[in-house]
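I opened the structure viewer to look up a few places and wrote down what I found. The entries follow in the order I made them.

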Amino acid sequence: MLILNKIERKIIEEAIRDVKDFPKPGVVFKDITTILNDKKAFSTLMNHLYQRYKEYDLDFIVGIDARGFIFGAALAQMLGIGFVPVRKRGKLPYTTISEKYTLEYGIDEVEIHIDAFRGEKDARVLLIDDLIATGGTANAAVTLIKQAGAHCVEACFIITLTFLDGYKEVEKKTPVYSLVEVK
Ligand code: AMP
């Protein structure tokens, strides 16, 4: 399986902007808009994802609300396959399946359309998001993919916060591929 080389990793790492104390004090927010508006970083990233995942025989990409949509939809188009959004509760218009997950304070919920995979049996799916922290969102998304009748082949994150154990929880369900690790 193709992994990122050192030069590519450096280009992508350097394009991520750290914003301290956003959205609340103590959090370092990893801003990926500075990958998107950097043509070299964005194309390095998307070309790498294309080269890796063209070998996977995927049927769909699932992207997580909202930044996962950007990378997921672009990759799906490059691979010539469909894109499916997993959205926060109340945003999808048709019949949905939903999954709750716990946050530091309280609970949240994500949803997928019941017919997201167009009735294809055991469709091969890649899950993608910009970042995994506690893993709550990604874990719920993997559950939704299964409940909608598809098979999550891998979960891909541009950034993994490895000082949190979230990615380990997801790894119990599906292989995890991280491009940049933040220790
Ligand atoms: P979690 O469910 O805790 O793994 O949180 C993952 C979701 O929250 C992703 O969709 C990320 O976009 C967002 N997120 C959490 N922490 C950060 C952070 N430090 N910087 C940027 N995005 C974050």
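**Entry 1: Thr34.** I looked up Thr34 and found it buried, with a relative accessible area of 16%; buried means under 20% relative accessible area with a 1.4 Å probe and protein chains only. This is a predicted model, where local features need pLDDT of at least 70, side-chain atom pairs count only at pLDDT 80 or more, and totals for chains, interfaces and linings use all residues. Residues are numbered from 1 along each chain as its sequence is written, and side-chain values use heavy atoms, with hydrogens and water left out.

Thr34 sits in helix 2; helices (H or I, at least four residues) and strands (E, at least two) are DSSP runs numbered from the N terminus. I then asked what Thr34 is in contact with, leaving aside its neighbours within four places in sequence. I found Ala15, Ile16 and Arg17, where contact means heavy atoms within 4.5 Å. The side chain of Thr34 reaches the backbone oxygen of Ala15 at 2.7 Å. A polar atom of that Thr34 side chain also lies 3.3 Å from the backbone nitrogen of Arg17.

**Entry 2: helix 4.** I checked the length of helix 4, residues 67-79. Its 13 residues should span 18 Å at 1.5 Å a residue, and the end C-alpha atoms are 19 Å apart, which agrees. The expected span is 1.5 Å times one less than the number of residues.

I listed the buried residues of helix 4 as Gly68, Phe69, Phe71, Gly72, Leu75, Ala76 and Leu79. An α-helix has 3.6 residues a turn, so residues three or four places apart point the same way. The cover over the buried residues of helix 4 includes helix 3 (39-53), strand 3 (60-64) and strand 4 (82-88). Just after helix 4, I noted that Gly80 has a positive phi of about 70°.

**Entry 3: pockets.** I looked up the largest pocket and found about 1,100 Å³ of space in it. A pocket is an open set of points on a 1 Å grid over the protein atoms alone, where a 1.4 Å probe fits, with protein on both sides within 12 Å along at least five of seven lines; lining residues have an atom within 4 Å of a point. The largest pocket is lined by 33 residues, and Leu103, Leu131, Ala133, Thr134 and Thr137 lie nearest its centre. Strand 7 gives the most to this lining, with 4 residues.

The second largest pocket has a volume of about 160 Å³. I found that helix 5 gives the most to the lining of this second pocket, with 4 residues.

Note on methods: Grid points are joined across faces, edges and corners, and a volume is the space filled by probe spheres set on the points. Buried means under 20% relative accessible area, exposed over 50%, partly exposed in between (1.4 Å probe, protein chains only). A polar contact is a pair of N or O atoms within 3.5 Å; within protein, one must be able to donate a hydrogen and the other to accept it, and residues adjacent in sequence count only if both atoms are side-chain atoms.
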